[in-house]
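Here is a short tour of one chain, written for someone new to reading structures. Keep the sequence and the 3D view side by side as you go.

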Amino acid sequence: MKPALLLAAFIFSLVAIAHLLRLIFQVEVLVGGVAIPMWVSIVGTVVPGALAIALWREGASGGR
């Protein structure tokens, strides 16, 4: 696996895990005094998670 693919997959995995933990522990996030809704973390778990899986598969297949 190329280092860039590995790094990108790792970062996307961390983002997905962080959002998943926010959902599990119901952590409130405020940005500029505005509460960010929980549905944002659903999207933030699914999209980066899917990208991480796609990158892992791409790296494992050798780009074929």
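## An exposed residue to start with

Let's begin at Q26, which is exposed, having a relative accessible area of 53%. Here, buried means under 20% relative accessible area, exposed means over 50%, and partly exposed is anything in between (1.4 Å probe, protein chains only). You will find Q26 in the loop between α1 and β1, the strand at 30–31. Helices (H or I, at least four residues) and strands (E, at least two) are DSSP runs, numbered from the N terminus.

Q26 has another feature to look at: its phi is positive, about 50 degrees, although Q26 is not a glycine. Most residues other than glycine have a negative phi.

## Where the model comes from

This is a predicted model, in which local features need pLDDT of at least 70 and side-chain atom pairs count only at pLDDT 80 or more, while totals for chains, interfaces and linings use all residues. Residues are numbered from 1 along each chain as its sequence is written, and side-chain values use heavy atoms, with hydrogens and water left out.

## The chain as a whole

Along the principal axes, the C-alpha atoms fill a box of roughly 45 × 20 × 15 Å.

What share of the 64 residues counts as buried? The figure is 17%. The chain exposes about 4,700 Å², and carbon and sulfur atoms supply 76% of that area. Accessible areas come from the Shrake-Rupley method with a 1.4 Å probe, and for residues only the protein chains shown count as cover. Now consider contacts, meaning heavy atoms within 4.5 Å. Among contacts between residues at least 6 apart in sequence, 63% join residues at least 24 apart.

## A nonpolar patch

Next, look for I17, L20, L21, I24, F25, V27, V29 and V31, which together make a nonpolar surface patch of about 710 Å². Patches are made of residues with over 30% relative accessible area and no salt bridge; like charges are joined within 9 Å, and nonpolar side chains (Val, Leu, Ile, Met, Phe, Trp, Tyr) within 5 Å. A salt bridge is a side-chain nitrogen of Lys or Arg within 4 Å of a carboxyl oxygen of Asp or Glu. Helix α1 (residues 3–25) gives the largest share of the patch, 5 residues.

I17 lies in helix α1 and is partly exposed, with a relative accessible area of 47%. V27 sits in the loop between α1 and β1 and is also partly exposed, at 41%. Not counting residues up to four places away in sequence, V27 touches R22 and M38.

Is T45 buried or exposed? T45 counts as buried, at 18% relative accessibility, and its place is in helix α2 (residues 39–61). Leaving aside neighbours within four places in sequence, T45 is in contact with A16, H19, L20 and L23. The side chain of T45 reaches the backbone oxygen of S41 at 2.8 Å, and a polar atom of that side chain lies 3.3 Å from the backbone nitrogen of L20.

H19 is in helix α1 and counts as partly exposed, at 24% relative accessibility. Which residues does H19 contact, beyond its neighbours within four places in sequence? They are V40, S41, G44 and T45. With S41, the link is a polar contact between the two side chains, at 3.0 Å. A polar contact is a pair of N or O atoms within 3.5 Å; within protein, one must be able to donate a hydrogen and the other to accept it, and residues adjacent in sequence count only if both atoms are side-chain atoms.
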